[in-house]
Amino acid sequence: MLNLREEVRAAREAVALFDLSTYAKFQVAGPGALVGLQQLATSDLDVPVGRIVYTLLCNERGGIEMDPTITRLADDRFLVLAPTLTQRRTEALLRNGLLADAVVTDVTSGWATLHIAGPRSRQLLSRLTDADVSADAWPFLLAREIDLGRGRGWAFRVSFTGELGWELSVPTEFVADLHEHVLRAGADLGLRHAGAFAFEAARLERGFRSFGHDIGPLGDPFAAGLGFAVSRRKAVDFIGREALERLRAVTAPERHLVSVHAPDAILWHGESLLRDGARAGHVTSASIAPTLGGSAGLAWIHGPVEGSWQVEVRGEPVPCRVSTDPFYDPRGDRLRG
C-alpha cells in the first residue's frame, strides 16, 4: 500500500511511468474507414489528422458496448484504443459493424505503450524529442508522430490518471530503448515506476469511468455522466441514436453514476450506499485515495444526490460524500495544463 501511495504521489507531484502496452489497439483503414466508424461511434470522427476522440459504441437501446478513444492517424486510417480485457469484444464490434472496405488490423502486440503522467511529464518529453511540447503547440487530445529515443512513434496527449501526460507508442522492438531513454531523462525529475493499482487509484480520484465496472450495455450514457460523448450535430446516423435522443430528454433519470469519497474507510467495490439510513445505491469500483485520503470510488445511486450519505462497510454505516463531479480536479485543469 505504501508503494501505491508513493506511485500516485509521483503522478500528482512529479512524473510517473506506467506500462500500458497491453491495451487493445486496432487500426481501421481503407476507403470505408471513416464512414464505417461514423456509423458505430456516438462522437463525430470527421476531425483533423492527429485529433483524439473519446467516444462510445452503443447498442440500439442506447446502452454502452464500449468506450474507446479513436485517433485519426490519416485521412483513411484510425487507431481504436480500448481497455486490455476488452480486446476480443472490441474486435468483434469493429469487424461486425464496419463496412467491407474498412480493414481492421489488431496491432496490439506490434506496438508497445509507455505512459508518462504528472506535472513534470512535459519536461521529460522535451528531453526525448525535438518536437515542440508546449501547451500552445501541443494541446490536450492531440496525437503526433515524433522521434522518440532512437526510434519513431506516436505520442498521444491523454492521461487516465487525471494529470498532464502522454502515451508514447513505438514498435515493440523499440520499447526497451525508449524505456532506457525515459529513465535517463527523468532521473532528476522524481520519475517513479507505477503500476495498475496506482493507475486505478488515480483514475477513481478523478472520477473516470471504467467499462465493465462502472458502465456497460445496460447503462445510460447521460445518467453515467457521458452525455458529452454523444453528438447532437453529427450528420451521419449511428447505432442507437434514436434511443439516445430519448434518453437525453429525460430530465430526472431513475439512477445516475456519482463519485464517492469515504475519508475514514477502505472500499473495494460492491458496498451499499445509504441515504438518510436507507439503501439507495452501490459502489461499482473503488480504491484507497492517496491524494484525497481514505477511499474514492464510483457508484450508481437511485434518486437525488442530496441527503446524508453513508457507505456500508462490514455491516456498519460509515459517513461518505457523494457528488456528480469528481472530488479531484473537477474541471480537468491539470489534464489541460
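Which residues in helix α3 (residues 87–97) are buried? They are Gln 87, Thr 90, Glu 91 and Leu 94. This is a predicted model: local features need pLDDT of at least 70, side-chain atom pairs count only at pLDDT 80 or more, and totals for chains, interfaces and linings use all residues. Residues are numbered from 1 along each chain as its sequence is written, and side-chain values use heavy atoms, without hydrogens and water.

**Helix α3**
- Buried means under 20% relative accessible area (1.4 Å probe, protein chains only).
- The buried residues of α3 fall within an arc of 100 degrees seen down its axis, so they line one face of the helix.
- That arc is taken from the directions from the helix axis to the C-beta atoms.
- An α-helix has 3.6 residues a turn, so residues three or four places apart point the same way.
- Packing partners of the buried α3 residues are β2, α2 (33–40), β5 (64–66), β7 and β8 (103–106).
- Contact means heavy atoms within 4.5 Å.
- Helices (H or I, at least four residues) and strands (E, at least two) are DSSP runs, numbered from the N terminus.

**Thr 113**
- Thr 113 sits in strand β9.
- Thr 113 is buried, with a relative accessible area of 3%.
- Leaving aside neighbours within four places in sequence, Thr 113 has contacts that include Phe 18, Asp 19, Lys 25 and Glu 167.

**Lining of the second largest pocket**
- β7 (77–82) is one of the strands that each supply at least two lining residues.
- β7 gives the most, with 3 residues.

Conventions: Buried means under 20% relative accessible area, exposed over 50%, partly exposed in between (1.4 Å probe, protein chains only).
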